[in-house]
Amino acid sequence: MEGIYAFCVGLMTACGIFLTLRGRTFSVVVGLTLLSYAVNLFLFASGRLKLDAAAVLGMSDSYGDPLPQALVLTAIVIGFAMTAFAVILAMRARADLGNDHVDGRTPTTRQEQQRQKSGGQR
């Protein structure tokens, strides 16, 4: 079970990094969200995964560590706020610049670049 869990966290991290390195703002926001989910799962796993374990001390012989659970709950709230902030920034950039590229410039194709070099003639 730990191997599958680690694989899923690694896959979410890889997908998040891939999407964060894209050129459009929406994919960057989704990539950051996936990275925050992967970090949350990693923090949650640091408290050792136990089935049927009590969260309160003294209720059973084995218990789950409440600190990673509290950290994950805090990270979920902060992650939601940062995602909302990033979406608002992306919407504002789209309205001001007219496109949703990260650097604000529309990428040109090779044909357009050659046309610009030749002075606009075909």
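The following legends describe close-up views of a predicted model. Local features rest on pLDDT of at least 70 and side-chain atom pairs on pLDDT 80 or more, while totals for chains, interfaces and linings use all residues. Residues are numbered from 1 along each chain as its sequence is written, and side-chain values use heavy atoms, without hydrogens and water.

**View 1. Helix 1 and helix 2 pass each other in a left-handed crossing.** Helix 1 covers residues 2-20 and helix 2 covers residues 25-45; helices here are DSSP runs (H or I, at least four residues), numbered from the N terminus. Their axes, which are lines fitted to C-alpha atoms over the stretch in contact, come within 7 Å and cross at roughly 155 degrees. Helix 1 and helix 2 are therefore roughly antiparallel, a term for angles over 145 degrees, on a scale from 0 to 180 degrees between N-to-C directions. In a left-handed crossing, the near helix is turned anticlockwise from the far one by less than a right angle.

**View 2. Two spans carry the UniProt feature "transmembrane region".** The unreviewed UniProt entry places this feature at residues 26-47 and 67-91; such annotations may be inferred rather than shown by experiment. Residues 26-47 are 91% helix and 0% strand (strands being DSSP runs of E, at least two residues), with end C-alpha atoms 33 Å apart. Residues 67-91 are 100% helix and 0% strand, and the end C-alpha atoms of this span lie 36 Å apart.

**View 3. Ala70 lies in helix 3 (residues 66-97).** With a relative accessibility of 40%, Ala70 counts as partly exposed, the class between buried (under 20% relative accessible area) and exposed (over 50%), for a 1.4 Å probe and protein chains only. The C-alpha atom of Ala70 is separated by 9.8 Å from that of Leu43, 27 residues away along the chain.

**View 4. Arg24 and Asp100 form a salt bridge.** A salt bridge is a side-chain nitrogen of Lys or Arg within 4 Å of a carboxyl oxygen of Asp or Glu, and the structure holds two. Here the N to O distance is 2.7 Å. The pair links distant parts of the chain, 76 residues apart: Arg24 is in the loop between helix 1 and helix 2, and Asp100 is in the loop between helix 3 and helix 4 (110-117). Arg24 is partly exposed, at 41% relative accessibility.

View 5. Arg92 counts as exposed at 55% relative accessibility, and Asp96 counts as exposed at 53%.

Notes
Parallel < 35°, antiparallel > 145°, perpendicular 65-115°, else oblique.
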